[in-house]
Amino acid sequence: MTQDLENRSKALAKEWISKLEKERLKVNSGPVDEFVANQTLTMLEQLFFRYMTTNQTQELPNNEVLIPITHEVLSFNKKIFLAFCGALSSVTPKEDLTSFTNLLDDIDVDSFSCLAFLEALQKAANLSCKKYRLFLFSNNNGRIPVFKGDRIASHRFALGVYVKNQFSQHMVEVYAVTNVSRLFHPKNKTFCPDCVACFCKSSAYAHRKTCPLRCPNCCKYGYDYPCADEKKHLLCIDCNRVFNNLQCFKTHQMIACEKVKCCPNCNETYVIRRPKYVHKCLVHVTTNKK
Ligand SMILES: [Zn+2]
Ligand SMILES: [Zn+2]
Ligand SMILES: [Zn+2]
Ligand SMILES: [Zn+2]
């Protein structure tokens with residue numbers, strides 16, 4: 001599909017160049033400067049391709065957190081690696097950056113497809129620096145990462161790389177993401193690459209239920225969550241939910257208790273003031289009829 005659009009853009013650019021040449025000959029009969037002609041052709045190809053692939057509803061990334069990787073001669077995988085180094089240097093002390101850079105010694109970067117390379121890189125990173133989980137985003141895929149490294153317990157930072165026009169060899173652009181949690185919202189809101197939700201800092205309960213970094217009980221979010229099961233049985237009579245960890249129980253009373261309830265009839269747990277959500281209790285309806 002993208003390859004097709006790229007070819008189409010090239011054909012259109014050629015057509016336009018020959019039109020331009022006819023116009024030029026009306027005022028200037030000398031031979032054309034080949035450098036200028038080639039530059040114009042390349043620029044037209046790129047513009048036409050962009051024009052054909054753009055749409056207004058596309059989820060645009062927050063440019064404030066993107067740093068372009070401009071080394072033209074590098075292969076795609078090497079640019080991606082460089083972008084991860086850029087992302088890393090914005091969150092971390094120097095030692096980690098050195099050990100991350102050293103990972104490249106053991107990986108033959110250009111022998112892999114992009115995704116296989118990322119998998120190998122994540123594996124190597126898990127063995128040495130241990131803290132970093134890798135994410136690759138693409139303008140072809142909205143907010144959903146095209147790659148996310150398998151999660152391990154020692155991860156503490158999300159490292160992101162953003163790619164534009166991934167499938168077009170000549171027009172691909174690679175960016176280091178300096179802050180993944182701000183990739184899709186410039187201000188106020190936080191982006192969670194795990195469940196692809198955006199939420200305000202104080203409302204971590206707004207993560208999707210499936211988010212692996214959200215505690216389903218106290219609704220706290222982060223690398224230290226979900227809370228561990230301490231085999232306790234603490235019932236909260238206000239929200240009708242059972243907690244298995246004392247700290248989790250205490251934490252939930254601060255915010256989650258008044259927002260997240262468990263229905264006493266059908267046991268569904270739900271967020272009260274989530275827009276558009278109304279708990280329709282099937283069990284409750286049938287007991288009413290009796
Ligand atoms: Zn989440
Ligand atoms: Zn908890
Ligand atoms: Zn409660
Ligand atoms: Zn119910």
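Visitor: What distance separates the centres of domain 1 and domain 2?

Guide: This is a predicted model, in which local features need pLDDT of at least 70 and side-chain atom pairs count only at pLDDT 80 or more. Residues are numbered from 1 along each chain as its sequence is written. The chain is divided into domain 1 (2–42), domain 2 (63–192) and domain 3 (204–289), with bounds from an automatic or database domain assignment. Taken over C-alpha atoms, the centres of domain 1 and domain 2 are separated by 37 Å.

Visitor: Is helix 3 roughly parallel or roughly antiparallel to helix 4?

Guide: Helices are DSSP runs (H or I, at least four residues) numbered from the N terminus, and axes are lines fitted to C-alpha atoms over the stretch in contact, with angles from 0 to 180 degrees between N-to-C directions. The axes of helix 3 (residues 76–89) and helix 4 (residues 94–102) come within 10 Å and cross at roughly 165°. Angles under 35 degrees count as roughly parallel, over 145 as roughly antiparallel, 65 to 115 as roughly perpendicular and the rest as oblique. Helix 3 is therefore, relative to helix 4, roughly antiparallel.

Visitor: Which residues of helix 5 make the contact with helix 3?

Guide: The axes of helix 3 and helix 5 (residues 114–128) come within 10 Å and cross at roughly 40°, which means that helix 3 is oblique to helix 5. With contact taken as heavy atoms within 4.5 Å, helix 3 contributes Phe76, Asn77, Ile80, Phe81 and Phe84, and helix 5 contributes Cys114, Phe117, Leu118 and Leu121.

Key. Chains are lettered from A and ligands numbered from 1 in the order in which they are written. Side-chain values use heavy atoms; hydrogens and water are left out. Helices (H or I, at least four residues) and strands (E, at least two) are DSSP runs, numbered from the N terminus.
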